[in-house]
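Visitor: Please show the structure, and then let us discuss how its parts meet.

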Amino acid sequence: MTREAAYEKLNEVFRDVFDDEEIVVNDSTTSSDIEDWDSLEHINLVSAVEQAFGIKFSMGQVVTMKNVGEMVDIILGQVD
Amino acid sequence: MSFTSFSFLCFYVCTLIVYYLFPAKIRWVLLLVASVVYYLLSGNSILILYPIAACLAAYAGICFMERFEETKKRRAALVVVVLLLVGSLFVLKYVNFGIYTINGIAGIFRGGRGIISGFQFLIPLGISFYTFSILGYVIDVYNKIAEPQKNFLKLALYGMYFPAILSGPILRYREDGEQFFQPHPFDYKQVTFGFQRMLWGFFKTLVISERMKLIVNTVYDNYADYSGIYIWIATICFALQLYTNFSGSMDIALGVSQTFGIKLPENFETPFFSKTIAEYWRRWHITLGVWMKEYVFYPLLRTQTFAKLGKRCREKFGKKRGKQLTTFTAMLILWFTVGVWHGGAWKYVIGSGLLHWFYIVMGELLSPAYKKLMEKCHICTDGKGLDLWRMIRTFFLVNIGFVFFRADSAAAACHMLASAVRIGNVGALLHGSLFSLGLDFIEFTIAIVSLLILFTISLLQQKIDVREWIAQKRIIIRWAIWYALLFYVILLGYYGPGYSAAEFIYQGF
């Protein structure tokens, strides 16, 4: 999977989780850029991403990923 | 050995001098020795075996995880360590809670007679704090986000570090751990800033908290004799007592640590300025909130059970409501755990746990209706007046929880809340009865002036680093401020009749 394809799919997940069709994420997007992205939504988001890509984040990754770029790195590492 | 005792001051000064006389590379060894001595002098010395055993269990688990790569074996090691640490915490602190609850239920059918007798345990000081610091570290090593510590003595220092062991803050090795072992050269600014922080802690504890305690004890120890406005005054005083006591002990712990060049995590961020209950918990006992979120709430939501529950709820109640329902269920377990952490009694489970869960759930459910009401009434939601109202509302709700926290039992708290509603006695305050609650006019005035100082500094802390701000002033002003505070504490610190060092409320946890 290419990084672009991952972002395309990831944008859909973000829009679905946060109920906002305008969301476009990139490498530097963090929780402070999306209004409803608090600690609760973080877990919902992680579960939705896991389902969409058929992958599993470790608990360590869940609590340490700093931005969407790191999330995509993990996704690509597991999908490939 | 309480932070406000003379013996602690002597112990601390000796430790500090020897610390900087030691070669920088092995200063951590001195801190370990000091931590052991401190624990031995702080209570029943034999109980030191508990934190040592906890460190040994963690060390064995970490070594095992380090040796084996297979997830199954690593998980088995983690399970054993978790069972040992949580098991000892459970047995020492919560067995009697279970027994008393069973007896309470059985008593309904057996005319008040219980069926099991409780146990008498000697509980090691700070067990809830060191257990959580160590447990979090072992879980992080399992998750491969913290480096495994191969030196047992270093791990023991992290687990038993004396400024933090009795009442926190709860540490996180991956953020706070390594600095314990780094060489910290003498830094004049760090040492003086540490002293200043300690002084601020003594001010909060000795000048304010100890005075508030007198009013609180008068009313809460004789609650049947008081109603209405007296209960509210005593409860607000308790909120201030607990805050100044706990955050004051944190100021001392962080200040002591800063003089060693070690930065501990902050535990408070002016929590009574919070506008919602959720915000309050992000600013009150911060390290406990972070710990609970990371090691209880997140893993719980990621279990198969909750994944299935979430799916079912979404199918049945729709996406938004389904998500809310799953989250609320996980939060119920989280807040029950937070309540139980505070103590093995229903008054803690309700006052520091379930009641706050109820507040947050109601806040979420009523939020759309509240927004509509604001729109209908054309009230600007960004106004400062509304913010002030939100702060008062949050403070009031938190105080209801404090009634449970401080009362002898949940039943006593309910009794007090019922009699607090009768506020027809407000007028009694005008006749001087306020000064019959434990503080005379002069003492009461000292308390009010000190609270005003605390309030002003807290307001300033929202915008600036007060110590840095003072440090930029001319030397005369700088010294005048700190000496004024020092003499204020020495002269007005409440030592009371038959003074014994101020007890820290969270120390028993």
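Guide: Domain bounds here come from an automatic or database domain assignment. This is a predicted model, in which local features need pLDDT of at least 70, side-chain atom pairs count only at pLDDT 80 or more, and totals for chains, interfaces and linings use all residues. Residues are numbered from 1 along each chain as its sequence is written, with chains lettered from A and ligands numbered from 1 in the order in which they are written.

Visitor: How far apart do the C-alpha centres of domain 1 and domain 2 of chain B lie?

Guide: Chain B is divided into domain 1 (6-186) and domain 2 (190-500). Between the C-alpha centres of domain 1 of chain B and domain 2 of chain B, the separation is 26 Å.

Visitor: How many residues does the contact take from each domain of chain B?

Guide: Two residues are in contact if their C-beta atoms, placed from the backbone, lie within 7 Å. On that criterion, domain 1 of chain B gives 23 residues and domain 2 of chain B gives 22 residues.

Visitor: Is B:Pro265 buried, partly exposed or exposed?

Guide: A residue is buried if 20 or more other C-beta atoms lie within 10 Å of its own, exposed if 12 or fewer, and partly exposed in between, with C-beta atoms placed from the backbone. Because B:Pro265 has 17 C-beta neighbours inside 10 Å, this residue counts as partly exposed.

Visitor: Which residues are in contact with B:Pro265, leaving aside its neighbours within four places in sequence?

Guide: The C-alpha atoms of B:Pro265 and B:Leu135 are separated by 17 Å. With neighbours within four places in sequence left aside, the contacts of B:Pro265 are B:Pro169, B:Asp176 and B:Thr287.
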